[in-house]
Amino acid sequence: MKKTFTKPQDETGERIQKILARGGMGSRREIERWIEEGRVRLNGVQAKLGDRIQNGDHLQLNGRVVHWEKFAHQTTRVLIYHKPVGEVVTRQDPEGRPVVFTQLPKLQVGRWISVGRLDINTSGLLLLTNNGELANRLMHPSMQADREYAVRILGEVSDEVLERLKQGVELDDGPAKFDDIQFHGGEGANKWYHVVVSEGRNRLVRRLWESQGVTVSRLMRVRYGLLMMPEGLKSHAFHELESKTLDVLLESVGLPKEKPLAPGKQESGKHGFYKKTKV
């Protein structure tokens, strides 16, 4: 009986979704969906999940040629942007409102990807990167990345309410809670608290307070995972992570370290590294 052999899959090169995500064309999951939908062609043939790309390969997305070689080994960049109230986290807004992406430095290759969102009435720390794989890992529920917010509320809040918010309450989309609540002072009717959540559901912090009849008059994110808002970073301004902090961030999500940017390519200023302690 004649034996037949199946040619093993070529394991050289990198998977299509990994290269395109690194170039900021989308998250790895988005690109995998594009492949499944038949929107990606490799060397004239419809690509499939698991295909790897090598030097000399011809890649198309939605019928347009992708010059993937430019970002096959693109250096990862991460920005901390101080988003003001009134800006929206989108590339184009049909209502003509200002968008965060017009405030960022131009990229020669790829695009900036936001790590999660802040709604129009929330200010503070917004992470952006040109590395889609990094963005995907930072947002993945398995990471349970802490998000810390400074919240100004109106009126007094009883200990019983605070305890309920830490134990968990039922919202329209399921149970939710604050992992930590700390009082940060205030005068008159305005009181400040710092709260921590480990998921990124829409308007979660506001909805938790509102579930107890508490009005939030100001909301500002001050930390995402390991990264804090750098001291003195003004509204509309951004700060680029230095190489040491970038290495820590990459390692925290299981990605390898990368070479630092060339001299003169990084923004100056404090890099805002956060050492986690018990609260």
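Contact here means heavy atoms within 4.5 Å, and in that sense His82 touches Gly124, Met220, Met229, Leu233, Lys234, Ser235, His236 and Ala237, leaving aside residues up to four places away in sequence. The structure is a predicted model, and its chain of 279 residues, of which 46% count as buried, has six helices and 17 strands. Among the contacts in the chain with a separation of 6 or more, 66% are accounted for by residues 24 or more positions apart.

**Helix α2**

- Helix α2 spans residues 28–36, and its buried residues are Ile31, Trp34 and Ile35.
- Seen down the axis of α2, these buried residues fall within an arc of 100°, so they line one face of the helix.
- As a general point, an α-helix has 3.6 residues a turn, so residues three or four places apart point the same way.
- The elements against which the buried residues of α2 pack are α1 (16–22), β2 (40–42) and β5 (59–61).
- Just after α2, Gly38 takes a positive phi of about 80°.

**The largest pocket**

- The largest pocket has a volume of about 620 Å³, and its lining is made up of 34 residues.
- Of these lining residues, Arg117, Gly200, Arg201, Asn202 and Arg203 lie nearest the centre of the pocket.
- By residue class, the lining of the largest pocket divides into 15 nonpolar, eight polar and 11 charged residues.
- Both helices and strands contribute to this lining, with α3 (132–139), β10 (147–154), α5 (204–210) and β15 (216–224) each supplying at least two of its residues.

Key:
Residues numbered from 1 in each chain as written. Predicted model: local features only at pLDDT ≥ 70, side-chain atom pairs only at ≥ 80, totals over all residues. Heavy atoms only, no water. Buried < 20%, exposed > 50% of the residue type's maximum accessible area, 1.4 Å probe, protein only. Helix = DSSP H or I, 4+ residues; strand = E, 2+ residues; numbered from the N terminus. Arc of directions from axis to C-beta. 1 Å grid on protein atoms, 1.4 Å probe; cavity = no way out; pocket = protein on both sides within 12 Å on 5 of 7 lines; lining within 4 Å. Points joined across faces, edges and corners; volume = space filled by probe spheres on them. Nonpolar A, V, L, I, M, F, W, Y, C, P; charged D, E, K, R; others polar.
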